[in-house]
Amino acid sequence: MAIDPALRRLALGTLLAAFKGGNAPGWAVTLLGEGLAGHTLFGTNVADPAQVAALTARLREGRPDALIAIDEEGGDVTRLAHRTGSPYPGNAALGAVDDEDLTRAVYAAIGADLVAAGINLDLAPTVDVNTADDNPIIGTRSFGADPLLVARHARAAVDGLQSAGVAACAKHFPGHGATVTDSHLSLPTVDVPRELLETRDLPPFAAVAGSAKAVMSAHIRVPVLTGDDPATFSTAALQDLLRSTLGFDGVIVTDALEMAGAAAAAGGIPQAAVRALTAGADLLCIGAEVTHELVEAVVAAIVAGVPAARLEQAVARNTALAAWTASPRTAVTVADDLGLAAARRAVRVEGSLTGLSSPLVVQLASGYSIAEGVVPWGLAPHLDGVEQVEVEAAAASAAQLTAHAGARPIVVVGRHTHRQESHRALIEQLSAAHTVGVVEMGWPSAWRPARARAFVTTHGASLANGRAAAEALGLAAL
């Protein structure tokens with residue numbers, strides 16, 4: 001049965017699609033001309049700044065007011081700099097420094113980079129309060145574990161991005177920081193009383209409800225609020241709490257509907273789209289694995305399952321958002337080496353760095369979250385004539401490493417070391433027999449090795465964080 005063209009255009013106006021590669025396929029541009037709200041760019045779409053600018057210009061041939069979104073958080077989650085690592089520290093580092101003006105300046109600089117690339121919607125900042133040390137998906141993407149600190153920096157980050165003319169999207173409502181599972185892979189549950197939700201998780205969202213142009217829903221279940229559903233499908237979460245109680249009147253964006261926390265819960269991406277719009281979402285991120293056929297299937301489901309009045313409301317909000325991004329702005333002035341200066345301020349040294357010069361650097365191989373993707377990290381790009389080896393902790397021999405080091409001290413570099421027993425055990429074995437310093441580039445936990453000479457915390461693993469750590473150790477090339 002043919003779809004009414006007007007309803008098809010409305011349904012398209014609620015969707016952010018995606019595609020692979022550095023060039024836009026014909027269907028991606030054609031759909032924009034037919035009413036598609038926009039596209040989300042991922043690392044696979046990014047080669048260099050000039051190429052991204054050309055790509056976004058091509059997309060706007062299909063629709064001049066297209067929303068072009070990206071996850072550019074700085075720190076560990078970067079798309080523009082996925083080949084090298086971000087030149088800016090992420091939220092955990094900014095929270096550790098606790099200078100709201102610095103946070104505002106870093107996010108304004110990120111915004112300026114996005115404007116230059118032709119991107120007008122940043123799926124950032126992450127404003128979750130990371131209260132679970134073992135959180136596998138938030139961690140250093142969070143400003144910290146203190147709700148009031150996170151709220152202050154959430155406001156500063158939103159103001160910084162939007163001063164450049166890039167819409168900010170605060171995420172992941174109503175708070176992903178207490179989870180110990182990844183919503184890309186399952187449906188996490190945060191089973192807490194309403195009072196704890198209000199005092200721990202909601203303050204950052206309340207802080208930006210009046211300023212952020214967009215808020216992203218989380219695919220997490222909060223029984224006291226959402227019942228058995230994820231927040232993305234919950235009218236109580238999106239309409240009653242976010243809009244009515246917190247007073248948010250901007251665009252509600254969904255996290256990627258391809259994620260298990262949404263698609264599996266609904267029985268498929270098209271079904272998830274219908275449930276999200278019905279609950280009150282306005283702009284639906286389909287995900288990274290998108291084809292023309294999938295977009296058409298989602299559109300058909302939306303037309304069949306969502307009233308036209310709800311679609312008109314959502315599209316009106318999305319259109320207003322696109323119009324806001326097109327209004328003239330004063331160009332942001334970015335200080336030289338802003339990101340590195342910020343990363344330096346976030347480095348914390350416990351113990352003594354004396355005796356750690358000219359070391360053998362041992363980097364512990366680390367996995368990555370789906371949100372991060374494969375992005376380079378560590379000290380290697382910054383080392384001046386210092387040998388580094390990378391090892392799998394579970395298979396490494398402390399005796400062989402100390403023999404290889406000889407008279408040199410050892411500096412061990414890791415991420416989220418507290419989460420891996422093999423990483424902790426190797427560090428303890430090395431420091432029991434050798435002069436050892438440890439650089440932690442993940443979430444800062446309470447774990448410390450008993451005999452290490454020094455413990456250096458960077459609060460993130462961006463390119464800037466790595467340089468700052470190498471400088472603190474006296475190992476960086478000039």
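**Note on the predicted model: ring contacts, salt bridges and strand pairing**

1. Arginine 329 is placed over the face of tryptophan 324, at 4.1 Å from the ring centre. The model discussed here is a predicted one. A further arginine over a tryptophan involves arginine 415, whose charged end sits over the ring of tryptophan 377, 5.3 Å from its centre.

2. In one of them, phenylalanine 173 and phenylalanine 205 have ring centres 5.2 Å apart and ring planes at 85°, so the pair is edge-to-face. Phenylalanine 173 belongs to strand β5 (residues 167-173) and phenylalanine 205 to helix α8 (residues 203-208), so this pair ties together parts that are 32 residues apart in sequence. Both partners lie inside the protein by the accessibility criterion: phenylalanine 173 is buried because its relative accessibility is 0%, and phenylalanine 205 is buried because its relative accessibility is 1%.

3. The rings of tryptophan 447 and phenylalanine 455 also form a pair, with centres 6.4 Å apart and planes at 75°; the arrangement is therefore edge-to-face. Tryptophan 447 has a relative accessible area of 19% and is buried, a value to be read against the limit for buried residues, which is under 20%. Phenylalanine 455, at 5% relative accessibility, likewise counts as buried.

4. The salt bridges come to a count of 25. One of them joins lysine 20 and glutamate 289, whose closest N and O atoms are 3.0 Å apart. This pair links distant parts of the chain, 269 residues apart: lysine 20 is in the loop between β1 (15-17) and α2 (26-33), and glutamate 289 is in the loop between β8 (283-285) and α13 (292-305). Lysine 20 is partly exposed, with a relative accessible area of 46%, whereas glutamate 289 counts as exposed at 52%.

5. Arginine 58 counts as partly exposed at 33% relative accessibility, and glutamate 61 is exposed, with a relative accessible area of 57%.

6. Aspartate 282 and arginine 317 form a salt bridge in which the closest N and O atoms are 2.9 Å apart. Here too the pair links distant parts of the chain, 35 residues apart: aspartate 282 is in the loop between α12 (269-279) and β8, and arginine 317 is in helix α14 (residues 308-326). Aspartate 282 is buried, with a relative accessible area of 0%.

7. Salt bridges also link Asp71, Glu73, Arg141 and Lys171 in a network.

8. Turning to the strands, an open sheet is formed by six strands in the order β9-β14-β13-β12-β10-β11, with mixed pairing. Its edge strands are β9 (348-351) and β11 (388-391), each of which pairs on one side only. On average, neighbouring strands of this sheet are turned by 20° against each other, direction ignored. Helix α16 (residues 398-405) packs on the sheet and touches β10 (360-364), β11 and β12; the helix direction makes about 150° with that of β10.

9. Within that sheet, strand β12 (residues 410-414) pairs with strand β13 (residues 436-440) in the parallel sense, over five bridges. In this pairing, isoleucine 410 stands opposite valine 436 in β13.

10. Strands β1 and β2 run parallel and are joined by two bridges; alanine 17 stands opposite histidine 39 in β2. In a regular strand, side chains alternate between the two faces of the sheet. In strand β2 (residues 38-41), Gly38 and Thr40 point one way while His39 and Leu41 point the other way, and all are buried.

Key
Residues are numbered from 1 along each chain as its sequence is written. This is a predicted model: local features need pLDDT of at least 70, side-chain atom pairs count only at pLDDT 80 or more; totals for chains, interfaces and linings use all residues. Side-chain values use heavy atoms; hydrogens and water are left out. Two strands pair if DSSP finds at least two bridges between them. Helices (H or I, at least four residues) and strands (E, at least two) are DSSP runs, numbered from the N terminus. Axes are lines fitted to C-alpha atoms, for helices over the stretch in contact, and angles run from 0 to 180 degrees between N-to-C directions. Contact means heavy atoms within 4.5 Å. Rings of Phe, Tyr and Trp (its six-membered ring) pair if their centres lie within 6.5 Å; planes under 30 degrees apart count as stacked, over 60 as edge-to-face and the rest as tilted. Buried means under 20% relative accessible area, exposed over 50%, partly exposed in between (1.4 Å probe, protein chains only). A charge sits over a ring if NZ of Lys or CZ of Arg is within 6 Å of the ring centre and within 35 degrees of the ring normal. A salt bridge is a side-chain nitrogen of Lys or Arg within 4 Å of a carboxyl oxygen of Asp or Glu.
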